[in-house]
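Please find below a colleague's note on the structure. The points are numbered and may be read in order.

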Amino acid sequence: MADQLPTEFDVVIIGTGLPESILAAACSRSGQRVLHLDSRSYYGGNWASFSFSGLLSWLKEYQQNSAIAEESTASWQGLIHETEEAVTLRKKDETIQHTEVFCYASQDVDDGVEEMEALQKSPSSATSSATPDPLHSACLPGETHSLHAASYETPAKDTPKSGGEVSLEVTDVEDTLAKEEYCGDETRTPAVSDGDEDGKKPVEKDSTDRPKRKKITYSQIVKESRRFNIDLVSKLLYSQGLLIDLLIKSNVSRYAEFKNVTRILAFREGKVEQVPCSRADVFNSKELTMVEKRILMKFLTFCLDYEQHPDQYQAFVQCSFSEYLQTKKLTPNLQHFVLHSIAMTESSCSTIDGLKATKNFLRCLGRFGNTPFLFPLYGQGEIPQCFCRMCAVFGGIYCLRHKVQCLVVDKDSGKCKAIIDHLGQRINAKYFIVEDSYLSEETCSNVQYKQISRAVLITDQSILKADSDQQISILVVPPVESGTCAVRVTELCSSTMTCMKDTYLVHLTCSSSKTAREDLESVVKKLFTPYSETEVDQEECTKPRLLWALYFNMRDSSGISRSSYEGLPSNVYVCSGPDCALGSEHAVKQAETLFQEMFPNEEFCPPPPNPEDIIFDGDDKQPEAPGANNIIMAKVDSSEGSKNPESPEKQLQN
């Protein structure tokens with residue numbers, strides 16, 4: 001990339017999180033000249049996904065953030081005219097706090113000696129009596145700047161169906177072939193599972209004639225680092241949600257692959273059990289009596305069109321949803337299922353909000369599978385990159401590791417005229433979109449932020465064993481004490497391409513009341529057992545063993561009104577970071593709202609044109625803009641396609 005950028009744009013966007021990336025795609029698609037910048041070395045911001053060693057490098061970067069001296073940058077004061085003033089931007093990202101890492105897996109020095117030599121001990125890694133081995137941060141070559149790779153190289157196939165039907169094909173993990181993606185300076189080989197359950201995998205018979213768990217060491221995790229794709233924010237896609245609709249409408253879905261979430265789980269009376277979702281699941285369930293099945297089906301049928309029966313809930317509008325459920329003759333068992341596993345709301349939420357959440361869950365059932373949710377292969381970090389790719393296809397310019405020093409504001413009009421980057425170049429534009437974390441302390445002096453508590457765990461088996469070990473599960477653990485929040489647990493298997501074989505990646509999320517560890521550690525202890533050498537052969541240990549854990553708090557900047565920001569120019573728009581919700585509805589709504597404010601006469605992310613309708617100026621190479629088929633596909637590519645990830649056109653034609 002040349003140091004000097006063009007100096008005139010229509011829209012400059014700072015930050016590559018999901019709402020900014022959607023806006024970039026929408027603006028570029030409508031014909032605007034877009035410059036998309038990020039001071040980080042990877043796409044996605046707090047929506048990003050990392051390999052295991054990449055995550056440790058990210059952690060080390062945050063832990064050392066306060067000790068880093070100010071980098072020398074080109075002087076910008078001389079570029080400000082007398083009729084202008086500068087609004088400086090924040091130099092350091094302060095959205096992540098209270099990072100604590102625990103390594104429970106044993107470190108086998110004979111296994112992966114080369115990998116261990118590449119590790120550097122983290123200066124602020126957390127240890128406790130339960131963690132016999134200190135954390136080692138991994139900084140393997142080629143890992144730091146690898147995040148941008150996946151979705152730009154291997155889009156999913158588009159397979160048209162008659163009648164404009166939207167379909168999602170999910171292949172079994174046995175049909176998933178290993179794919180190797182070359183991404184800039186990184187070659188990544190996704191994990192492939194053979195579909196056998198860890199706990200039931202045949203091993204050599206011993207005197208007890210029992211199956212044994214595989215021993216997973218820390219050095220194995222480091223060696224298989226590239227098989228991990230660890231999300232900073234844990235979210236799922238509602239199959240009838242705004243994000244899925246946008247992916248289909250804009251045809252951005254062809255850049256991504258998805259899998260169904262296979263199970264909705266519940267935690268009740270100290271046990272994890274599966275929740276019936278569909279009508280067939282309800283009547284096949286062994287957890288419910290016949291009377292409970294009928295009561296549940298009657299209530300769920302009512303929730304699907306509750307607006308047509310106001311007489312059944314109007315008297316309870318001021319009550320909590322939990323209190324309302326008690327009036328509907330639901331047993332405690334059913335109340336728990338509806339509140340925590342179907343509506344997935346807090347006990348204190350209102351009756352209307354609970355009914356809306358239940359209806360949203362039910363209307364998403366059956367579109368792509370037995371549950372309402374989808375998960376993107378290779379992690380949530382793929383989604384922002386998909387929209388960035390669309391922006392680039394329509395002419396957007398991208399620069400990572402490109403810092404912006406200040407906004408240039410005209411004193412008379414109060415509008416922002418330009419930015420000045422770290423190279424001292426002045427870049428003019430009509431509109432500016434800035435992610436909240438880039439705004440200075442002075443601009444955000446009146447803003448009150450919420451926090452999200454997050455935990456990322458690597459475990460050796462599922463929290464609920466099944467015939468297949470390739471399960472994607474979501475579980476809500478209700479709060480024990482009043483005033484605390486429920487904890488959402490998402491468990492990912494290796495076929496999601498987010499973890500190595502014979503392990504599971506577990507995400508825990510809740511609204512913060514304390515530090516992440518204080519909020520979440522009690523739930524971790526209920527569901528998992530810390531790994532130790534003495535437990536390797538103890539078959540009576542029924543809980544999954546915890547191999548590695550990370551806790552951190554993330555800023556939740558959603559819900560901040562524009563008026564809360566001090567001295568914000570009228571043509572500067574602020575995008576928030578991830579919120580605590582399960583879906584990404586807020587990001588999509590925010591992107592569409594801001595786009596309509598800037599360009600009220602333009603359509604938001606319209607379908608791309610047919611290839612034959614595109615006119616090129618002396619360039620035989622056509623951009624990737626296939627027909628606007630209303631199709632979202634999640635089929636894993638064939639072996640021929642997967643071996644040639646740099647030829648997406650050929651894959652789309654297969």
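How many cavities of 30 Å³ or more does the structure hold?

1. The structure holds seven cavities of 30 Å³ or more. A cavity here is a set of points, on a 1 Å grid over the protein atoms alone, where a 1.4 Å probe fits but cannot get out. Grid points are joined across faces, edges and corners, and a volume is the space filled by probe spheres set on the points.

2. The model is predicted: local features need pLDDT of at least 70, side-chain atom pairs count only at pLDDT 80 or more, and totals for chains, interfaces and linings use all residues. Residues are numbered from 1 along each chain as its sequence is written, and side-chain values use heavy atoms, with hydrogens and water left out.

3. The chain has 654 residues, of which 57% are buried (under 20% relative accessible area with a 1.4 Å probe, protein chains only). Its secondary structure comes to 16 helices and 27 strands; these are DSSP runs numbered from the N terminus, with helices being H or I of at least four residues and strands E of at least two. Among contacts between residues at least 6 apart in sequence, 75% join residues at least 24 apart, where contact means heavy atoms within 4.5 Å.

4. Axes are lines fitted to C-alpha atoms, for helices over the stretch in contact, and angles run from 0 to 180 degrees between N-to-C directions.

5. The second largest cavity has a volume of about 110 Å³. It is lined by 18 residues, and the closest to its centre are Asn46, Glu435, Ser437, Gly577 and Pro578; lining residues have an atom within 4 Å of a point. By class, this lining has two nonpolar, eleven polar and five charged residues. Ala, Val, Leu, Ile, Met, Phe, Trp, Tyr, Cys and Pro count as nonpolar, Asp, Glu, Lys and Arg as charged, and the others, Gly among them, as polar.

6. Another open sheet has four strands in the order 4-17-18-19, with antiparallel pairing. Its edge strands, each pairing on one side only, are strand 4 (84–88) and strand 19 (426–428). The twist averages 30 degrees from one strand to the next. Strand 4 and strand 17 (residues 404–410) run antiparallel and are joined by five bridges; Val408 in strand 17 is the bridge partner of Ala86.

7. Most residues other than glycine have a negative phi. Asn251, in the loop between helix 6 (242–250) and strand 12 (258–260), has a positive phi near 65 degrees. Asn251 is buried, with a relative accessible area of 2%. Asp502, in the loop between strand 23 (487–492) and strand 24 (504–511), has a positive phi near 70 degrees. Asp502 is buried, with a relative accessible area of 13%.

Key:
1 Å grid on protein atoms, 1.4 Å probe; cavity = no way out; pocket = protein on both sides within 12 Å on 5 of 7 lines; lining within 4 Å. Pairing = 2+ DSSP bridges. Buried < 20%, exposed > 50% of the residue type's maximum accessible area, 1.4 Å probe, protein only.
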